[in-house]
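Subject: Structure for your files

Dear colleague,

Here is the structure we spoke about. My notes follow below it.

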Amino acid sequence: MSYTQAVQETVRALRTIRGRWAELLLAIEEPPADHWPPRQLAHTMRDGDDEQLVVEDRAPLVLREHPAPLNLGALDAGRGVERLVFDLADALAAAVQRTEQGDPRAWLCADPSAPDSRRAAGSRAHGLHWACVWIEGRVQDEDTAPERELDGTLAAPPFEVLPLHLLHEARRTARIAEARVLRALGLDQRETPLPEPCPWCEGELTLHSAPDGPPAVTCSGGRACSAPVPLDSREQARVWAWDDLPELIAALGVDIAAAA
């Protein structure tokens, strides 16, 4: 694998984690369920205020109160992802950080011997979003050039260039964490048969999900199905793409608002 590809894959995984984090926090508050209707579509029906609060509340899960989490699997996944990302940031900081602790760019490492609640001190207290952004900066070798002081002299760079072995470790860790988030949300690569038949032809419906695109549903009826959606590229199945899913859900009699 090339250096550039390793950087790109790491950055993509970190951005996926950040982009899906609010959904994972929402999932902790909901009972485990089949991923139908698609989670993304159901969440668009939630009140905007609820979504905004979740996105802004970035305190680490270890510091949150969870008196009755409805989805322990999502909670465990979230805590595991936080631990992976925070520990990675600690390791990178120990290896390449040269700036002083007063620099806002500095990552303040946690005490590995402290209990979980106190280990969330330092930069971990800023939450997973900041950790992912900070790691991305190290992976992309930001702030690794000497900086000019006010008197014109050159000072040592805040960070050293990330060694190749640490880049690969960052890639490995970020991809593991990304996979845990996507799996907890049912957004990993999977095909799930739906319990209801196609309303137009009684064919078998299958929900297709993938980490790099919106979900879709196919009907096995193919050309014999009269549903008002196009056939797939092989002309063997009708396909409800993202924009068509609300019509299918309505035809199946599913209450999206209730599912949200």
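The buried residues of helix 6 are Leu128, His129, Ala131, Cys132, Trp134, Ile135, Glu136, Gly137, Arg138 and Val139. Please keep in mind that this is a predicted model.

Helix 6

That list amounts to 10 of the 12 residues of helix 6, so the helix is mostly covered, with buried taken as under 20% relative accessible area. The cover over these buried residues includes helix 1 (3–28), helix 4 (72–96) and helix 7 (164–185). The length of helix 6 was checked as well: residues 128–139 should span 16 Å at 1.5 Å a residue, and the end C-alpha atoms lie 16 Å apart, so the two values agree. Just after helix 6, aspartate 141 has a positive phi of about 55°.

Helix 1 against helix 6

The axes of helix 1 and helix 6 come within 10 Å and cross at roughly 170°. Helix 1 is therefore roughly antiparallel to helix 6. On the helix 1 side, the residues that meet helix 6 are Tyr3, Val7, Thr10, Val11, Leu14, Arg15, Ile17, Arg18 and Trp21. Their counterparts in helix 6 are Leu128, His129, Cys132, Val133, Ile135, Glu136 and Val139. By class, the residues of this contact are 11 nonpolar, two polar and three charged.

Helix 4 against helix 7

Two of the helices that cover helix 6 also pack on each other: the axes of helix 4 and helix 7 come within 9 Å and cross at roughly 165°. Angles over 145 degrees count as roughly antiparallel, and this pair is therefore roughly antiparallel. The crossing of helix 4 with helix 7 is left-handed. Helix 4 brings Asp76, Ala77, Gly80, Val81, Leu84, Val85, Leu88, Leu92 and Ala95 to the contact, and helix 7 brings Leu166, Ala170, Thr173, Ile176, Ala177, Arg180, Val181 and Ala184. These residues divide into 13 nonpolar, two polar and two charged. As background, an α-helix has 3.6 residues a turn, so residues three or four places apart point the same way.

The whole chain

The protein has nine helices and six strands. Of its 260 residues, 45% count as buried. Among contacts with a separation of 6 or more, 60% join residues 24 or more positions apart.

Regards

Definitions and conventions
Residues are numbered from 1 along each chain as its sequence is written. This is a predicted model: local features need pLDDT of at least 70, side-chain atom pairs count only at pLDDT 80 or more; totals for chains, interfaces and linings use all residues. Side-chain values use heavy atoms; hydrogens and water are left out. Helices (H or I, at least four residues) and strands (E, at least two) are DSSP runs, numbered from the N terminus. The expected span of a helix is 1.5 Å times one less than its number of residues. Buried means under 20% relative accessible area, exposed over 50%, partly exposed in between (1.4 Å probe, protein chains only). Contact means heavy atoms within 4.5 Å. Axes are lines fitted to C-alpha atoms, for helices over the stretch in contact, and angles run from 0 to 180 degrees between N-to-C directions. Angles under 35 degrees count as roughly parallel, over 145 as roughly antiparallel, 65 to 115 as roughly perpendicular and the rest as oblique. A crossing is left-handed if the near helix is turned anticlockwise from the far one by less than a right angle, and right-handed if clockwise. Ala, Val, Leu, Ile, Met, Phe, Trp, Tyr, Cys and Pro count as nonpolar, Asp, Glu, Lys and Arg as charged, and the others, Gly among them, as polar.
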